[in-house]
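Try each one yourself before reading its solution.

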Amino acid sequence: MNHLMRLSALVLLLSGATNGLTSDALPSPGESPGVSPLTSALASPLASRPASPLASPWAESTDTIKPGITATPEQVKAGLFFQGQLVVLRANAPASNPAIIIVSGPRHDRQISKKTRQTGIWLNGPSAELQNAPGYLAVFSSGPVGEFNFGDQSGDQNGDLTDLLGYLPDDMTDPEQTPTSLKQWRHAYGRLLKARNLLINQPEKPLVGQHNQFFARLMLPSSAPTGKYQVTLVTQNDSGFSRAESQFEVVKVGLVKQLEQAAFTQPVLYGVGSLLFALLFGWLVGTLFNRR
Amino acid sequence: MLHIYLPIAEVSVSLLMLMAIGGGVGFLSGLFGVGGGFLMTPLLIFIGIPPAIAVGSEANQLAAASLSGVIAHWRGARVDLRMGIMLLIGGLIGSTFGVSLFAWLRATGQVDLVIKLLYVVLLSSIGSMMMIESVRANLKNRRQSTSPDETAADNQQPNHLTWRQRLPWQMTFPTSGVTISAILPVGLGIIIGVLAAIMGIGGGFIMVPAMIYLLGMPTAIVIGTSLFQIMFVAANVTLQQAIRVQTVDVVLALLLMAGSVIGAQIGARAGTKLKGEELRFLLALIVLLVCAWLMFNLISEPVELFGMVTGGGH
């Protein structure tokens with residue numbers, strides 16, 4: 001009975017998600033660079049499906065499906081004209097079961113501070129250091145994230161996924177309130193990422209199930225940090241959780257890569273070169289403009 | 001609109017927007033003899049460039065723009081080399097001390113506040129002083145139809161002569177036509193060097209009025225001499241930023257340069273068509289506007305109360 005109710009709820013959910021897919025949730029192939037035609041083709045037939053449990057014949061024998069996830073492309077190349085890139089996430093998982101996809105960017109220790117008003121002037125107040133914080137975070141789920149209570153069975157023994165979900169900003173948190181716990185500082189950090197388009201939290205909308213496959217389209221902004229991105233799929237069934245992982249990478253290429261390497265591996269040469277180039281440029285223009 | 005991905009800043013920005021910013025600030029640089037860092041850095045941050053990268057890269061373009069401007073003024077015999085070297089000696093001493101002071105302020109966690117307060121105090125006092133003086137000089141010129149080359153120093157010389165002439169190590173600066181103690185330009189250079197190191201700017205918007213009112217130099221000579229000093233300061237900052245914190249984005253600097261060197265040339269030519277008091281009035285107006293904007297930022301509630309604390313650069 002419990003399984004049947006969950007099945008109905010999820011199919012209703014996915015039907016709603018499909019409607020969102022064709023309208024505002026996902027751009028059309030012509031709107032964004034790097035859109036996979038495959039994704040559009042797979043997504044479109046589902047758009048007209050009625051919101052009924054009967055409309056999901058693939059939701060049978062779901063426990064036999066082995067979860068898996070891929071990211072396309074596996075390497076996002078940031079060249080001189082890079083403006084962001086669409087990454088398509090494709091997952092195999094029982095369509096009837098709740099599922100969540102978490103994408104996390106390169107992780108580093110970050111320090112965050114809050115401004116406070118003192119004698120009429122806003123100045124930096126309390127601060128906190130967040131260890132191993134993600135530089136990018138995207139969460140796609142078939143339902144509210146709060147419903148996913150990962151336990152030991154989810155393969156999240158280290159608390160990694162729970163830790164990542166802790167960065168999702170809580171809309172109910174008063175932004176004026178000074179954080180008193182690590183949880184609140186993480187929410188504040190998540191809000192900062194979101195303001196920079198580096199955090200996406202879309203429960204229910206973009207995750208579409210069809211033929212036991214889920215799709216999510218991830219628009220990486222140009223400000224997305226370079227490095228490895230971990231993609232994790234977790235599905236829940238009666239016997240517990242199943243987890244699958246994949247990854248993709250944002251790398252600099254061409255001139256961009258060469259300049260970055262020079263700046264960090266040969267800073268003296270890079271600095272002197274930049275300066276000489278600037279002086280030469282200034283001299284050339286100054287001379288050209290002042291020819292008599 | 002064509003966008004370019006910046007290799008060190010790691011963001012994609014509009015090519016035309018960068019060139020327009022460079023051109024606008026370069027024009028002001030050539031017109032007033034100020035580097036424009038006090039305008040350029042906030043504008044770059046506004047369009048999404050990380051602050052540390054904005055400061056480092058802006059210094060690189062500043063070196064190009066100021067050299068371009070110096071050439072324009074040099075050909076017009078409007079650079080006092082002797083005075084520029086005196087200022088530079090002070091600048092090197094001051095900036096060396098300033099870097100240590102900056103490190104100490106950063107350790108206290110309030111360097112942003114100190115910088116903004118310093119800006120407000122300096123800009124409001126300098127801007128007000130220039131505005132009042134330029135209006136007075138303009139009114140006086142209209143009444144007496146005096147020469148357009150008459151300087152503020154000329155107007156105020158009787159008040160300055162007494163204490164300036166009592167100081168030791170008097171030097172003559174023929175290009176500027178003044179005889180003053182070497183302590184004054186070196187001291188001014190030290191103060192500017194400290195402020196430049198703390199505030200991450202060339203210091204022209206402080207130095208130009210100080211050279212006019214404190215050293216008694218003619219406005220036309222001040223601009224070229226100021227650019228001469230700024231060129232060296234910017235070159236030093238570029239090297240320091242590139243070697244110590246890797247915050248110089250050469251692609252960003254190149255695009256800013258392309259706009260600013262052209263803007264600086266146009267500004268330098270426009271400057272020769274304006275009277276000294278008119279130049280000072282316009283600069284005072286810009287200085288006071290920037291000051292008002294900074295004051296507003298200090299007292300109005302920020303849109304986002306939280307911020308990332310970043311390392312490197314300033």
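**Exercise 1.** Leaving aside its neighbours within four places in sequence, which residues is Lys252(A) in contact with?

*Solution.* A bit of housekeeping before we start. This is a predicted model, in which local features need pLDDT of at least 70 and side-chain atom pairs count only at pLDDT 80 or more, while totals for chains, interfaces and linings use all residues. Residues are numbered from 1 along each chain as its sequence is written, with chains lettered from A and ligands numbered from 1 in the order in which they are written.

Step 1: apply the contact test, C-beta atoms placed from the backbone and lying within 7 Å. The partners are Ala78(A), Thr226(A), Lys257(A), Glu260(A) and, over in chain B, Pro7(B).
Step 2: check burial, where 20 or more other C-beta atoms within 10 Å means buried, 12 or fewer means exposed, and anything in between is partly exposed. Lys252(A) has 20 C-beta neighbours inside 10 Å, so it counts as buried.

**Exercise 2.** Work out how H6(A) and H3(B) pack, and what their contact is made of.

*Solution.* Step 1: take helix H6 (residues 267-289) of chain A and helix H3 (residues 51-75) of chain B; their axes are 7 Å apart, at an angle of about 30°. The axes are lines fitted to C-alpha atoms over the stretch in contact, and angles run from 0 to 180 degrees between N-to-C directions.
Step 1: classify the angle. Under 35 degrees is roughly parallel, over 145 roughly antiparallel, 65 to 115 roughly perpendicular and the rest oblique, so H6(A) and H3(B) come out as roughly parallel to each other.
Step 2: look at the contact. Among the residues that meet are Leu275(A), Leu279(A) and Trp283(A) from H6(A), and Ala64(B), Leu67(B) and Ile71(B) from H3(B).
Step 3: sort by class, with Ala, Val, Leu, Ile, Met, Phe, Trp, Tyr, Cys and Pro as nonpolar, Asp, Glu, Lys and Arg as charged, and the others, Gly among them, as polar. The contact of H6(A) with H3(B) has 13 nonpolar, 7 polar and no charged residues.

**Exercise 3.** Describe the side of chain B that touches chain A.

*Solution.* Step 1: count. 46 residues of chain B are in contact with 50 of chain A.
Step 1: H3(B) gives the largest share of chain B's side, 10 residues.
Step 2: by class, that side divides into 30 nonpolar, 11 polar and 5 charged residues.
Step 3: strands cross over too. S5(A) (residues 107-118) and S5(B) pair in the antiparallel sense over 4 bridges, pairing needing at least two DSSP bridges. Lys114(A) has Phe306(B) as its bridge partner in S5(B).

**Exercise 4.** Are Glu10(B) and Trp169(B), each with a positive phi, buried or exposed?

*Solution.* Step 1: phi is near 60° for Glu10(B) and near 55° for Trp169(B).
Step 1: Glu10(B) lies in the loop between S1 and strand S2 (12-14) of chain B, and Trp169(B) in the loop between helix H6 (152-166) and strand S3 (170-173) of chain B.
Step 2: count C-beta neighbours inside 10 Å. Glu10(B) has 22, so it is buried; Trp169(B) has 10, so it is exposed.

Definitions and conventions:
Helix = DSSP H or I, 4+ residues; strand = E, 2+ residues; numbered from the N terminus. Contact = placed C-beta atoms within 7 Å.
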